[in-house]
Amino acid sequence: MHRPRIAVFPADRLPASRRLLGALGELFSVELVNDQGAAADACRAALLLGGSRAEAVRLTRAGFNCLAYLESQSMPSPAVPPNLKFGSSPLLLHSFRNRTLSEGSTGRVRPLKAEARDEPVVGLGDGVWWAHRKEGAADLHLVGGTLPDLPEGAFLFQYLQSDCWAELLPLLTFFRGVAGWEPPPPRACLMFDDPNLHWRSYGYINFASLARHAREHRYHASFAMVPLDAWHLHRSTARLFQENGDLLSLLVHGNNHARNELALPYSEQRRSALVAQALTRVERFEQQSGLEVSRVMAAPHHACSDEMAGTLARMGFEAACVSPAFIMEHNRARAWPEAAGLAPADFLAGSLPVIPRFTFGLINLPRILLAGFFGQAIVPVGHHDDLADGLGVLRKLADSINQTGEVGWTDMTSIARSNFWSRRDGSTMHLRLYSRQVRFTVPEGVTAIHIERPWLKADQPEPLTWREDLSPVQLTPACPSEPIPTTPGVVMDIRSVLPNALDHHKAPFTRTPVWAIMRRQLCEGRDRLKPAVHRIRRFANLKSNLAAHGPEPK
């Protein structure tokens, strides 16, 4: 596949920024060349690091779409970090436009000496930090300050989670524009680990109250259920989930919920038996409840090994859902790319997509906006006791996410199947898959689909199956190079087929240890008793205060 090229000026700046630029090049499928190779390699984009405005204008008039970091044209940083003021420029994603955000960095983000023809994209206090102008048919982006470095051993997602995230926004926007990839529309799901449907509530979660709250405040909640808990079902709670499928859903949370059970050094046979038992329990639950459980694994205690991920994929799980930091923590022996954690999903075992999620307390507006920029679903996760003070925390989260625009609140299956980037090239639509199975409506004017699977190496054969609406399933060769013919307006399902898939019905049988059953029952009992204990303590504290200070005066 052709990779668009960006020439870096001057050439000696390319090695110094290799980690940062290389990470973005890999993420967006863009090739970097030095300035000497720009003409020979037919580059149409240029990155100018530390040059002058005159050089930037010269490059743009030569036909390059150019991004220039103009340290020499920048003014001193203010003593107090000013706010970033995003304009209405179409260069910005819709969710960023017309916002004012605080920026903690005072080093590299500096105002420009703007000229009359400069159109502000982002202001810095009373000045301009990022400006745009046309030079003939080409675009020129001017940014005040310098390009930041990516320290050795650091990952780009960590840098973007810091207060300095805005420093990279012009560069991210430029790379994505050169590559031409479009993310999926914003999607979100609030997730809770551990709850089951044994009763109409679980700890501080009352399912009926939460469903009413979700409808009022526009959000969807998905509950990661432990398969061991599938032995019992409260029928009216199951009906509540059926009647509110647009608001409430389920996914899988381990098998027995033993500590780090998906990251322990099992044998392949033991891994297969554990995953097969989880799927068998889930299937039995689905038959009894009439509900569908997403084949997405929320790993208990955020722990999943590369080896276990391979078994999950071979047995039909569509994805896992774990934060990037925890995935790296439990797979330290693996060499992770610098851009890990930024795409809609990373891949474990070269086959299982891992959708990022973040705890309730770590979600803020910049993180929500950046997730939308990269096409990541917004998946805040918590536990029942996060609702000890009521549902206000969910309203706050939902309001923060909904204020960014039209957000598709949905279940984890729908999120997994919409994880792809797209790009139009005439009547051909290029899809870069971040899921093993996707579903989408073919846009008007598109008659062919070209598939890119970033997890595959050149020598890995994985056939594709596809179907349009309810037509018969069709199969491609192991490594299809030709586009798939299609029809505008149809709903298309595309699946990448693992050649070494396993049937969980034929996996070895395993017995559940008595200690695992007892541990899970104790944990559930603790969770269910917490609200009562909380009320008793609150009453005791109130009584103690009254005894010490007497009643409030009238």
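Trainee: Which side chain does the side chain of serine 29 join in a polar contact?

Mentor: A polar contact is a pair of N or O atoms within 3.5 Å; within protein, one must be able to donate a hydrogen and the other to accept it, and residues adjacent in sequence count only if both atoms are side-chain atoms. Here the partner of serine 29 is arginine 432, at 3.2 Å. This is a predicted model: local features need pLDDT of at least 70, side-chain atom pairs count only at pLDDT 80 or more, and totals for chains, interfaces and linings use all residues. Residues are numbered from 1 along each chain as its sequence is written, and side-chain values use heavy atoms, with hydrogens and water left out.

Trainee: Is serine 29 buried or exposed?

Mentor: Buried means under 20% relative accessible area, exposed over 50%, partly exposed in between (1.4 Å probe, protein chains only). Serine 29 has 9% relative accessibility, so it counts as buried. Its contacts (heavy atoms within 4.5 Å), leaving aside neighbours within four places in sequence, are Arg3, Pro4, Trp181, Arg432 and Glu452.

Trainee: Which residues of helix H7 are buried?

Mentor: Helices (H or I, at least four residues) and strands (E, at least two) are DSSP runs, numbered from the N terminus. An α-helix has 3.6 residues a turn, so residues three or four places apart point the same way. In H7 (residues 235-243), the buried ones are Thr237, Ala238, Leu240 and Phe241. They lie on the same side of H7 because they cover an arc of only 155° around the axis, taken from the directions from the helix axis to the C-beta atoms.

Trainee: What covers them?

Mentor: The cover includes helices H6 (207-217) and H8 (268-289), with strands S14 (221-225) and S15 (248-252).
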